[in-house]
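Good morning. I will go through one model today, starting with a charge and a ring and ending with the overall fold.

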Amino acid sequence: MKDVVRFEIISLKYYVTFLLILGNIFFGFSQDYFRNSSTKEINSIKIVDVNSIKEKVIGKNVQFVDIRTVEEYTNGYIDNAINISIANREKFVSEFQKLNKKKPVYIYCYSGWRSHRAAKLLIKLGFNEVYDFKGGYKAWSSYSEK
């Protein structure tokens with residue numbers, strides 16, 4: 001009987017450890033991504049907010065890219081941003097290859113989900129400094145209306 005209880009306790013420890021690891025994998029990123037801070041670095045991707053965009057991007061000579069679809073871009077965009085849609089991955093990669101990988105690149109989408117995926121891809125493509133605008137165009141629109 002003692003062996004059965006000991007086996008169940010050991011099994012329970014492994015199960016709990018497994019759940020903790022899964023929880024960290026699936027929820028660890030989202031906690032870091034959505035914490036309030038003006039700049040936060042996640043695996044060499046720097047997360048920036050509205051104030052950072054306003055201070056470091058608008059009116060400055062930086063690589064600033066709206067990765068939403070052409071239709072979304074046409075309906076409204078942040079000043080100085082060029083459009084390279086992530087909807088067509090081949091064209092996305094091709095267009096980003098034309099940019100300077102040694103200079104910082106700031107990207108945004110509508111809410112921040114697509115831009116984070118795109119930021120990971122840009123790191124793989126060899127970009128040294130990738131800034132992902134947390135909240136994207138949605139956050140910018142809300143900020144601009146105030």
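I start with arginine 68, whose charged end sits over the ring of tyrosine 137, 4.4 Å from the ring centre. "Over a ring" has a cut-off: NZ of Lys or CZ of Arg must be within 6 Å of the ring centre and within 35 degrees of the ring normal. Lysine 46 does likewise, with its charged end over the ring of tyrosine 131, 5.5 Å from the centre.

Some housekeeping. This is a predicted model, in which local features need pLDDT of at least 70 and side-chain atom pairs count only at pLDDT 80 or more, while totals for chains, interfaces and linings use all residues. Residues are numbered from 1 along each chain as its sequence is written, and side-chain values use heavy atoms, leaving out hydrogens and water.

Next, rings with rings. Rings of Phe, Tyr and Trp (its six-membered ring) pair if their centres lie within 6.5 Å; planes under 30 degrees apart are stacked, over 60 edge-to-face, and the rest tilted. How many aromatic pairs does the structure hold? There are seven. In one of them, phenylalanine 96 and phenylalanine 127 have ring centres 5.9 Å apart and planes at 90 degrees, so this pair is edge-to-face. Phenylalanine 96 is in helix α4 (residues 89–96) and phenylalanine 127 in the loop between α5 (113–124) and β6 (130–133), so the pair ties together parts 31 residues apart in sequence. Helices here are DSSP runs of H or I with at least four residues, strands are runs of E with at least two, and both are numbered from the N terminus.

Are these two phenylalanines buried or exposed? Phenylalanine 96 and phenylalanine 127 are both buried. Buried means under 20% relative accessible area, exposed over 50%, and partly exposed in between, with a 1.4 Å probe and protein chains only.

Tryptophan 140 and tyrosine 143 have ring centres 6.0 Å apart and planes at 35 degrees, so that pair is tilted. Both lie in helix α6 (residues 136–145), three residues apart, which is about one turn of the helix. Tryptophan 140 counts as buried at 14% relative accessibility, whereas tyrosine 143, at 28%, is partly exposed. Ring pairs also link Phe64, Tyr108 and Phe133 into a cluster.

Now strand β6. In a regular strand, side chains alternate between the two faces of the sheet. From β6, Val130 and Asp132 point one way and Tyr131 and Phe133 the other, and all are buried. Strands pair if DSSP finds at least two bridges between them. Strand β2 (residues 45–48) runs parallel to β6, joined by four bridges, and strand β5 (residues 105–108) is also parallel to β6, with three bridges. Which residue in β6 is the bridge partner of lysine 46? That is tyrosine 131, and tyrosine 131 is the partner of tyrosine 106 as well.

Most residues other than glycine have a negative phi. Asparagine 80 is in the loop between α3 (70–74) and β4 (82–83), and is partly exposed at 45% relative accessibility.

Finally, the whole chain. The protein has six helices and six strands, in the order α-β-β-α-β-α-β-α-β-α-β-α from the N terminus. Of its 146 residues, 35% count as buried. That is the end of my part.
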